[in-house]
Structure formats: structure tokens, C-alpha cells
Amino acid sequence: MFLPIWNYLKGYVIIKASGLSAGKFINMAAYYGVDLWDIRNDGKNYFIKARMADVDELKEISRKSGCRTEVIKYRGIPFLVKKYKKRRAFIFGCVFFIFYICSMSLFVWRVKVEGNYRVAGEDIKNFCASQGLRAGVLKNDVDLNKISNDIIAQFGDIAWASVNIDGSEAIISISETIPETEIIDNSEPCDIISQYDGIIESIMVAEGTPTVSAGDIVKKGDMLVSGRLSFKDGEEEKGYTYVKSDAYIRARTVHRLSFSVDKRKNEKEYTGNSSISVYISLFGNEYGFGMPNNFENCDYKLRNDIGLSIGDYKIPFGLKIYNAEEYILKEVLITKEEADIMAKDVLLTYGEENFGFDAYVISQDLNGSDEGDRVNYTAVLEVSHKIGQEVPCSGQ
Amino acid sequence: MKGIKRKFADVFELPSEAVYALPVLTVTGRIEVIVENYEGVIEYSPEIIRLGTSAGTLKIEGLEMDIKCMNSQCVKVTGQIDSFFYEA
């Protein structure tokens with residue numbers, strides 16, 4: 001393997017030997033110590049490879065042997081150099097390319113965060129940028145250990161952090177802490193009472209004595225679970241204690257709402273007139289080159305954003321093309337049907353917004369009266385949701 | 001003289017190819033033959049290659065044979081080698 005590489009580096013030629021004394025030529029060349037290789041015979045001519053340095057000797061041998069020889073090809077680095085010597089721009093381009101690759105490799109061009117679930121990756125990146133690790137910095141200027149320690153100190157939810165640079169990418173690997181479990185203070189006994197009037201749908205008690213069951217009608221303030229636990233031997237109460245009541249109670253409650261929907265709406269009517277503005281962004285500033293428009297109202301829509309970046313590093317030069325479309329604002333009135341749809345959307349989210357994520361509307365009765373520029377609605381909603389409010393034990 | 005040479009080589013257990021300049025053939029399967037201590041190429045074609053040696057004319061027969069490399073000490077023949085023998 002090395003010999004062909006060496007021959008290519010030094011340069012070699014392919015010689016065509018023809019005539020009756022071609023064999024004599026080859027034998028004489030071998031006898032005089034000239035290395036030949038890849039000798040092929042096509043029936044009429046011999047094709048031989050020999051080193052560039054032996055060409056003069058081979059010419060002499062050719063003359064002595066009376067063989068007709070001709071150099072048909074030149075191979076190797078010396079001939080490549082000669083061929084491209086005059087192409088200065090090409091050589092400059094090659095040198096510049098090598099220099100460019102080597103110099104760009106000295107910088108960090110992308111920052112990546114791995115292993116995060118609760119902590120936002122952008123927050124970690126922004127913090128690292130403030131500590132000196134961001135796209136466009138020299139790799140040697142980054143203290144990886146210090147940044148790892150700073151990340152752990154800054155973010156309480158991160159138990160371990162490691163920063164490594166792989167090529168031109170900085171990889172921040174983190175391991176988050178286990179989320180804190182809620183510590184429930186069981187020292188203060190309490191009862192659970194109802195905040196609303198309603199019908200109990202289900203009751204699951206973990207601590208305490210239930211005083212209602214599914215299907216019972218309760219009013220606001222009624223006790224649902226008592227914190228008093230009694231110990232009975234048959235029917236006789238032997239003792240009691242007070243505990244912090246804990247239960248999951250669902251009930252159906254009825255709510256009446258009144259609200260109104262404004263039928264007036266500002267609508268954009270595009271006139272069809274538009275103009276184009278070109279902005280050059282340079283180091284964060286934008287310089288516009290567009291036709292000024294005298295539109296009273298217009299929408300600026302970004303048509304093209306031409307920018308270059310290397311990894312995460314955005315090159316501070318770009319081109320933005322905006323399209324300004326003129327419109328006129330017109331006040332229109334929506335129909336009663338459209339207003340009804342908007343009202344139903346309000347009711348749809350009422351349960352979740354007021355009673356928690358597990359609440360839902362069972363049924364609704366919506367009535368609206370059209371007042372011209374608005375519709376007044378009254379609604380009766382039946383909502384299923386969690387009820388129960390903790391209060392200090394009554395008997396304690 | 002030859003007898004003295006032979007005795008000298010036998011007594012000191014010298015390699016005979018170095019003492020007698022005999023050809024040394026190294027055959028790799030049917031694809032390659034390296035011949036050391038040869039004297040010259042007599043005939044060369046893709047089917048027949050004849051080499052001159054001190055032990056006689058070595059004839060190599062085969063198909064699509066090439067001389068891969070050649071210098072004053074050895075010659076390497078590659079291709080599909082069917083047979084090789086010394087001609088009288």
C-alpha cells in the first residue's frame with residue numbers, strides 16, 4: 001500500500017514500448033536496476049509504469065535496445081502541481097478553504113440541552129450565555145467545570161449538570177431532582193363542609209367520618225365529613241379522637257349566570273393596495289429601502305427573511321422584505337346566531353375556569369334577547385365538580 | 001569448483017538459493033507467483049510467460065496474466081495461473 005502512495009508522491013509515468021525488441025528493453029531495464037510495475041501486453045505493445053526519476057535512464061536503455069518507446073501518461077503529485085501552478089485563484093481558494101475550516105472549528109456554533117423535563121431549555125441556554133457559553137465564542141475561552149457548577153447553583157431543580165464540547169457543539173447534559181412531594185400537616189384536625197347547594201354524586205373518604213352519602217341533597221355549610229373518630233364496642237362509644245379529614249367528594253350544583261355579548265365588531269376590508277419595503281439588518285439595526293406609503297391602516301407581512309447562520313450563531317447581516325397591505329376598518333354587527341355561538345363558548349369553559357380542571361357542565365339552558373347592538377343572555381348550568389372546604393373541628 | 005561450493009554450503013548449512021543462485025518461487029494460491037533470482041523475461045503474453053533462470057527456462061501458463069512488478073531481483077506474476085514447469 002505504501003509503495004503505490006510513495007510512487008504517486010514522487011510521480012511516475014506510463015510508457016508504451018512497441019516493436020520486436022520490447023522484451024529486450026524490459027529485461028535491460030530490470031538488469032540496470034530500474035523498477036517497473038503493472039507491465040501489460042495487449043499483443044502489440046507493452047505498457048509499463050516506471051518512476052519519473054528513471055525516465056532518462058529508460059530513454060538510454062530504449063536507444064541501446066533499439067525499442068520504440070513513448071511516454072503516454074504522467075501521474076503523481078509533481079504533475080498535479082505543475083498543472084495547477086498557473087491557477088492561482090484555485091490555489092488561493094484551497095488554502096482559504098482549509099484556513100476557513102480550521103478557524104471555524106475553533107468556535108462553538110451550537111448549544112444543546114439534554115435531559116431537561118421541568119426546567120426549560122431556553123432558560124438554561126440564556127443562563128449559560130450570561131456565563132460566557134453561547135454560539136460564536138472560542139472553545140478555549142469556555143470554563144466547562146465552572147459553568148457546570150454554576151448551573152447546579154442557579155437552578156434548584158437540577159441535581160447534576162455536565163458541559164462537554166463535541167466538535168463545534170456544546171452539549172449541556174442535566175439530571176433533574178425528584179419533585180418535592182407535598183407535605184400535609186396532619187396536626188390540625190378539621191371537618192369538611194359544603195360550599196354550595198347540590199346533590200352528592202360520589203364520596204370517597206380517606207380520613208374522618210362521612211356524614212352524607214351519594215344521592216343526598218346538601219346545602220351550603222352542611223357538614224360532609226366529620227373530623228371526630230369514635231371507637232365503639234358494639235353500640236357503646238369507648239373513646240374518640242379528632243383527625244384531619246381527607247375526602248374526595250363530587251356533587252352536582254346549579255348555577256345561574258347573566259352576561260351579554262357585544263354584536264359590534266371591527267372588520268378589516270382590504271382595499272387591494274399594497275407596497276413593498278426592503279430592510280437590511282446589520283448588527284441588530286434595520287435600515288429600510290422601500291417606497292413610502294401613505295396608507296392610514298395597513299398590515300405589514302414579512303414576505304422573505306433572508307439570513308445566514310452558522311449553527312446557532314446568526315450572522316449579523318440579513319435581508320427582510322415586507323409587504324404592506326392597506327385596509328379600511330368597518331364596523332359591522334354580527335348575527336344573533338354568531339352571538340349564540342360565542343355565548344356557548346363562554347359556557348363551555350365556565351365549569352373548568354370556576355371549579356377546577358375536573359369539573360364539567362352536565363346541562364345548560366341558554367336564553368338570549370337581542371337588544372340591537374348586543375345580546376343579553378341568562379343561563380342555567382348544571383355542573384359536576386369537586387366540593388368540600390376544610391374548617392376547624394366543631395366539637396373540639 | 002562446484003563440488004567445493006556444494007561441500008562448503010553443506011558444512012555451513014548455507015541457503016542453497018544464495019550459494020547456487022537458484023530461482024525461488026513463492027506461489028500464492030492460483031493468483032500470484034513471485035520468482036526470485038531470475039535472469040530475464042524470454043516471452044510474455046497473457047497466456048504464456050517464460051522466464052530464464054539458472055535452473056532452466058521456467059514456463060508459466062495461465063489466463064490474463066500480468067507482470068505486476070519487476071526489478072533486478074524478482075518478478076511478480078499475477079493472474080489466473082494454471083501451471084508452471086521447467087522446460088528441458
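Student: Which conventions apply to the numbering and to the values?

Tutor: Residues are numbered from 1 along each chain as its sequence is written, and chains are lettered from A in the order in which they are written. Because the model is predicted, local features need pLDDT of at least 70 and side-chain atom pairs count only at pLDDT 80 or more, while totals for chains, interfaces and linings use all residues; side-chain values use heavy atoms, with hydrogens and water left out.

Student: What is the area buried between chain B and chain A?

Tutor: Buried area is the accessible area (1.4 Å probe) that two parts lose on being put together, summed over both. It is about 1100 Å² for this pair, with 47% given by carbon and sulfur atoms. On the side of chain B, Tyr44(B), Lys68(B) and Met70(B) lose the most area to chain A, together 49% of what that side buries.

Student: How many salt bridges cross the interface?

Tutor: A salt bridge places a side-chain nitrogen of Lys or Arg within 4 Å of a carboxyl oxygen of Asp or Glu. The rule finds two between chain B and chain A; one of them joins Arg40(A) to Asp66(B) at 3.0 Å, N to O.

Student: Which strand of chain B is joined to β2 of chain A?

Tutor: Strands are DSSP runs of E with at least two residues, numbered from the N terminus, and two strands pair if DSSP finds at least two bridges between them. Strand β2 of chain A (residues 36-41) runs antiparallel to β5(B), with three bridges joining them. Within this pairing, Ile39(A) stands opposite Ile67(B).

Methods: Helix = DSSP H or I, 4+ residues; strand = E, 2+ residues; numbered from the N terminus.
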